Amino acid sequence: MTDTARLHYVALGGAGEVGMNMYAYGYGTDEDRRYILVDVGVTFPDMESTPGVDLIMADPGFIADQADRLEAIFITHAHEDHVGALPHLWPRLKAPVYARRFTAEIARMKLDQAGLDPEIVNLAPPWPEQIAAGPFRVGFLPIAHSIPEASSLVIDSPAGRLLHTGDYKADTTPLVGEPYAPELIQQVAAGGIQALVCDSTNVFAPHPGRSEADLAGPITELVRKASGMVVATTFASNIARVRTLAQAGEAAGRAIVVMGRAMLRMLDAARRADVLPDFPTLAGIEDLERIPGDHLMVIVTGSQGERRAMSAQLARGAHGRLEIGEGDTFLFSSKTIPGNEVAVAAVENQLTARGVRVFDGEDGRYHVSGHANRPDLEALHKLVAPRMLVPMHGEFRHLAEHAALAEAGGIAAGLAPNGTILDLSGERPVIAGQAPVGRLYLDGSVLVGARDGIVRERLKLALRGQVILSLLLDEDGNLLDEAWAEIQGLRNELDDGQTLGAEIEAAVTRDLENVRPKERQSDDAVERIAKKSTGDVCLQLIGRKPAVLTMINRIT
């Protein structure tokens, strides 16, 4: 315990992983440290590790347990990994939320859908105005990213000024949203920056980042030369890219149709926030039947191979109003997020099998990243000249490499994966403790903790199959009937004409009858014997031990 006021930083999510960003800053003594929270994001599940889960988010327990000390929540931009958890976690935090207009539109929509008051979100003005939040003053500094109105945060505290970059790229011509403005950043840093807390996503990319404006020519040329229908997909939130695609279609004399609820919601929010200049007039889905394919440009969701999105539906031939086929063109104007390679490849293969020409953005011709590359990070380090640097937003290898890059440039760096509390008050970052961190899963409409065992049990069922046993005994422990087994997720038929279920039933019945009646009077003992018998039989006959659910019924 210390009675000296200190400036602390801790990532609850987003440091040591990509996604579910949540960062806390605190100032004060251990007895009365006041906090602000930056971003409340999600990440997405996969069938291998989190089957059936809808969303994954950081456990906010460290802050929620002292929510009376939380002054405000600041959202840097409207990507799901920064705002997606707000409607699920705000009831535990109950602090004012601040965001710029486009981000606020998205956040308010999410709160409204969850039955919460959209006015929880307050509109934040851009820098140089600041918002008072306890010992902090916070300003939204416009920065370029792959979504409109992304902001870095200028955080003033009694211990000095911090610059939290959020997600950013060094793009001076982003087409939609504000440009990267080195002169503005230099003004912010003129009085000294105590700590630069910085995006690390592309620290391994060796070349300077490219501008969104670089894509207009290649995409327009591709669409102009295409002979059949052109379908393109990108991230729904990448409003600038959707605009570039639509303008390319317009330049080629094609009618433009946008399909997919997520993309249509983003476009609607962008119009309401006045960040969608010169967007072509759209045709409606009802017009598809009257427009020849070679006069049509369709922009759809599903750049990551999501099964229910439009791209996958078209690839399967499962969309009722539009069919893609021989001679048509499909463009993935996006980068495949690690972990989605198999899903994207499946869609590409299905499209190719239909005779569609498929192009993707992996070579950089039709896609540019929304994050700063290594030379851009080095340039920002020099521009800001912080006393210290804390890498964030990246896997552990990204954080470590970014820290090494800073140290090589003479900047003290603090490696702080999720849960590491850094003291930023002095000449260099110092580890001051460890905060509890974890994950919460949205399972249907219920939030469950990683330690609750639900996902672990679901994985066990998925990997091992299940046997459900039903046992009927009297109060003295005598079996009143043979054991009954139901097999799930396992092959029941055996090569000798017998069934696995019948073999399990015989073994469980035999083993229970061979123990003393007194043992059979204990449900725990009966369950232990039945599970062992089932496991032994299954291991011998099919080489696998399934999960076993035992239902014991006693007749009195």
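**View 1. Contact between helix α5 and helix α11.** In this predicted model, P182, I185, Q186 and A189 of α5 meet L380, L383 and V384 of α11, where contact means heavy atoms within 4.5 Å, and where helices (H or I, at least four residues) and strands (E, at least two) are DSSP runs numbered from the N terminus. The residues of this contact divide into 6 nonpolar, 1 polar and no charged; Ala, Val, Leu, Ile, Met, Phe, Trp, Tyr, Cys and Pro count as nonpolar, Asp, Glu, Lys and Arg as charged, and the others, Gly among them, as polar. Helix α5 (residues 182-189) packs against helix α11 (residues 374-384) at an angle of about 40°, and their axes are 9 Å apart; axes are lines fitted to C-alpha atoms, for helices over the stretch in contact, and angles run from 0 to 180 degrees between N-to-C directions. This makes α5 oblique to α11, since angles under 35 degrees count as roughly parallel, over 145 as roughly antiparallel, 65 to 115 as roughly perpendicular and the rest as oblique.

**View 2. The open sheet of 8 strands.** The strands follow the order β9-β8-β7-β4-β3-β1-β23-β24 with mixed pairing, and two strands pair if DSSP finds at least two bridges between them. Because β9 (121-123) and β24 (430-434) stand at the edges with a single partner strand each, one side of each is left without a neighbour in the sheet. From one strand to the next, the twist averages 25°. Strand β7 (residues 70-74) pairs with strand β8 (residues 97-99) in the parallel sense over 2 bridges, and F74 stands opposite Y98 in β8. Helix α4 (residues 101-113) lies across β8 and β9, running at about 160° to β9.

**View 3. The open sheet of 3 strands.** Here the order is β28-β27-β29, and the pairing is mixed. Strand β27 (residues 466-474) and β29 run parallel and are joined by 9 bridges, and the bridge partner of L473 in β29 is R554. Helix α14 (residues 500-513) lies across β27 and β28, running at about 140° to β28, while helix α16 (residues 523-542) lies across β27 and β29, running at about 140° to β29.

**Notes on the model.** Residues are numbered from 1 along each chain as its sequence is written, and side-chain values use heavy atoms, with hydrogens and water left out. As this is a predicted model, local features need pLDDT of at least 70 and side-chain atom pairs count only at pLDDT 80 or more, whereas totals for chains, interfaces and linings use all residues.
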